[in-house]
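Reader: I'd like to go through this model with you and ask what stands behind each label. Could we look at it together?

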Amino acid sequence: MKKELFDFLNTDLQFIKGVGPVLASRFEDVLGGRRVLDFMLHIPAYIRARGITENVATVEQGDIITIPLLVKSHKPGGTFRGRRRPTQIMCSDKMGNSVVIQFFNVNFLDYWLKKLPVGQWRMVSGKLERGSRPTINHPDFIEEMRNADKIPSIQAIYPAGEGLTQKVFANVRDQIFNILPEKISDETDLNACEFFDALRHVHYPESADDLSANSTYMVKLAYWELLAHQSAIVISRRNRKDVRNRRVVRPKKYDLLEKFYAVLPFSMTGAQTRTINEIFADLSKEVPMMRLVQGDVGSGKTIVALAAAVKMAESGAQTALLAPTDTLAQQHYAKLKPICDKIGIFCDIITGRDKGAARKEKLISLRSGRTKIVVGTHALFSEDVEYKDLGLVIVDEQHRFGVSQREALRAKGNNPDLLALSATPIPRTLSMTIYGDMDVSIINEKPAGRLPIKTTKLPVLRVNELISRLKVQIENGAKIFWVCPLVEDSETSDLTAVQSRYEYLKSFFPHVGLVHGQMDKKQRDKVMAEFADDNSDMKILVATTVIEVGIDVPRATIIVIENAERFGLAALHQLRGRVGRGSLQSYCILLYGNNISEDGLKRLDVLTQTDDGFVIAEQDLIMRGTGELLGTRQSGWINYHFVDYAHHRDLFKLAANAARDNVEIDGWTRDLMFLFDRGVVISA
């Protein structure tokens, strides 16, 4: 790829006209990066047709319309007797029908009045609401009649975030794709030209078919993405087996494993023992271990990982356990440190919160080799973190870390072993192609004494009946998670907002907690810690899916998941795993809305019939649709940009074969690995 094109793709979005550092930061939250390339890989979720009409009487409630309107009068809003009134613009269509345009934000009153002068015609586009009279709230487009063609007949709708409107997305997209042809020279690889042409088609769809998983352009992009991933796997495997990367097997110096098994208050399951034996066999080889441990929620993966760390400590080497969030890192540390103290292993934690003298002391202990097990977030591979002898890297929730992040941590040692953990089982039919650079162990037994979680589905109309039953459970000592999909109520969605549900439950229960992703992190952790405290009065925690991973509250025996039909099976199974972590009987209640589809009911039925994560994963793959999931993340699986697990299954094998046969890894494949950010350390 030519340098000029390469530099453009790496350009920070803040340098795109109209963006700047504030919007670029917001884009980063949504895109996972802030380069031009990150934007290009973030494709529209669907299209919105904006049908042109001249007669509002023929339009259905909720339709998106584009209509010429004559502005008749202005009715400024404000506050009257403590109630806010919207600004109203009285209009009429060409048939004389009245139409009201409403704005609820009075701060921009002057701006809207200038956009809609009395006595002038304007082309207006937005969602029509039918109350006492036809109304358009906050139109998406308002243009003078001479500029009516600026309103798209088909609008690509992007997955967005706070402070990012569809107009902002369209503006950035237009600028990027206007500049792109200047960066593509006559010498640009034909594959690259075809790649960017396919990208242009999905960013400017002409119909819904262009965004379907089976469209020509989406299949091309999905195949190239899989080829990039599979090529990264091939390179990773070759590097492991290269004689230059062989290592000397560390001899045993201390007797720690017997002490470890002796202090455990329980016996290992057969699946745990089998997995530990597979890990120990890997540690005795000259080739560094690359093993993935798949285990259902609550199957005991953490103790298996600790056994591997203790085995490494027997040779005097160090282990780093990488967790995706501060909360999960703290919980791992709280669970591991007491065991380590009993057997004489120094265990520590390093996160981004560590500052000053305290951090310096931790780094000295790590550098000296005194710290044998360190738990932390991405801070573990910060530049100032040094290890005396890093022998083992454990990555929890491994799908949340890219290859480049894993390699950055492994680079802190001399060919250390890698043990990855995944709490969401990958379907057996896909695991070997998705994680082809790893050996796979499966923990398919629950610890003794764990009771199956009783799962039921319930219509949301019976929520008050449910609340009455929960009061009895709380009196008997239960703690309850209540999960909602949105933070705030939305005019365009009927999904329950976590804030509204929190306020509603407070009228029934004296002590209710609230956590969501938009809260300050320290405040969120404080609320979670209070809920986890057995002596706390907080019995109900209302939350978004921030609790999906890493919250361990054994006293919590009930989880209510609202609008459950809008989640994928894997996400629901993960959420259900927040309860049933002790010896008490636990329950999961799946609340569904009035407009649940047949597929939505089928998904809930699967959850009520089984708690086997691998069965659920297979069903998820079979049933997964592209339009019904809340959000775009394939929970627990690799976060592909274009690959759809349900529709592109045949492409996995094609890409794997092509990557294996590409002995020299040609230039286009290396370009693909850059385009899809597959950061693999490639041997010279």
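Reader: Which residue in E15 is the bridge partner of Cys347?

Author: The bridge partner of Cys347 is Ile373. Please bear in mind that this is a predicted model, in which local features need pLDDT of at least 70 and side-chain atom pairs count only at pLDDT 80 or more, while totals for chains, interfaces and linings use all residues. Residues are numbered from 1 along each chain as its sequence is written, and side-chain values use heavy atoms, with hydrogens and water left out.

Reader: What makes E14 and E15 a pair?

Author: Strands pair if DSSP finds at least two bridges between them. E14 and E15 (residues 373-376) have four, in the parallel sense, so they qualify as a pair. The strands themselves are DSSP runs of E with at least two residues, while helices are runs of H or I with at least four, and both are numbered from the N terminus.

Reader: And what is the order of the strands in the open sheet of seven?

Author: The order is E14-E15-E13-E16-E17-E12-E18, and the pairing is parallel. E14 (347-350) and E18 (439-443) are the edge strands, each pairing on one side only. Direction ignored, neighbouring strands of this sheet are turned by 20° against each other on average.

Reader: Which strands does helix H10 lie across?

Author: Helix H10 (residues 301-314) lies across E12 (290-295), E13 (318-322), E15, E16 (390-395), E17 (417-422) and E18. With E17 it makes an angle of about 170°.

Reader: Which strands does E23 pair with, E20 and what else?

Author: E23 runs parallel to E20 (residues 479-483), joined by five bridges, and Val483 stands opposite Ile561. E23 also pairs in the parallel sense with E24 (residues 587-592) over four bridges, where Ile561 stands opposite Leu590. These strands belong to an open sheet of six, in the order E19-E24-E23-E20-E22-E21, with parallel pairing. E19 (454-459) and E21 (512-515) stand at the edges with a single partner strand each, so one side of each is left without a neighbour in the sheet.

Reader: Why are E23, helix H18 and E24 called a β-α-β unit of a given hand?

Author: The unit of E23, H18 (residues 569-576) and E24 is right-handed. That name applies if, with the strands pointing away from the viewer, the path from the first strand over the helix to the second runs clockwise.

Reader: Why is Ser92 called buried rather than exposed?

Author: The relative accessible area of Ser92 is 10%, so this residue falls under the cut-off of 20%. Ser92 is found in strand E6 (residues 87-92). Beyond four places in sequence, Ser92 touches Pro68, Leu69, Leu70, Lys72, Asn97, Ser98, Val99 and Trp121, where contact means heavy atoms within 4.5 Å.

Reader: How many residues has the largest nonpolar core?

Author: That core has 57 residues, and those with the most contacts inside it are Leu13, Phe27, Ile176, Phe195, Phe196 and Leu675. A nonpolar core is a set of buried Ala, Val, Leu, Ile, Met, Phe, Trp, Tyr and Cys residues joined through side-chain atoms within 4.5 Å. Among the helices that each supply at least two residues are H2 (20-31), H5 (166-183) and H7 (216-241); H7 gives the most, with 10 residues. Apart from this core lies another of 42 residues, among them Leu283, Ala305, Ala308 and Ile349.

Reader: What is the average pLDDT of the protein chain?

Author: The average is 84, and 88% of the residues score at least 70; pLDDT is the predictor's confidence in each residue, from 0 to 100. Over residues 625-636 pLDDT stays under 50, although the model has 34 contacts for them beyond four places in sequence. Residues 680-684 are also below 50, with 14 contacts beyond near neighbours in sequence.

Methods: Buried < 20%, exposed > 50% of the residue type's maximum accessible area, 1.4 Å probe, protein only. Axes fitted to C-alpha atoms, helices over the stretch in contact; angles between N-to-C directions.
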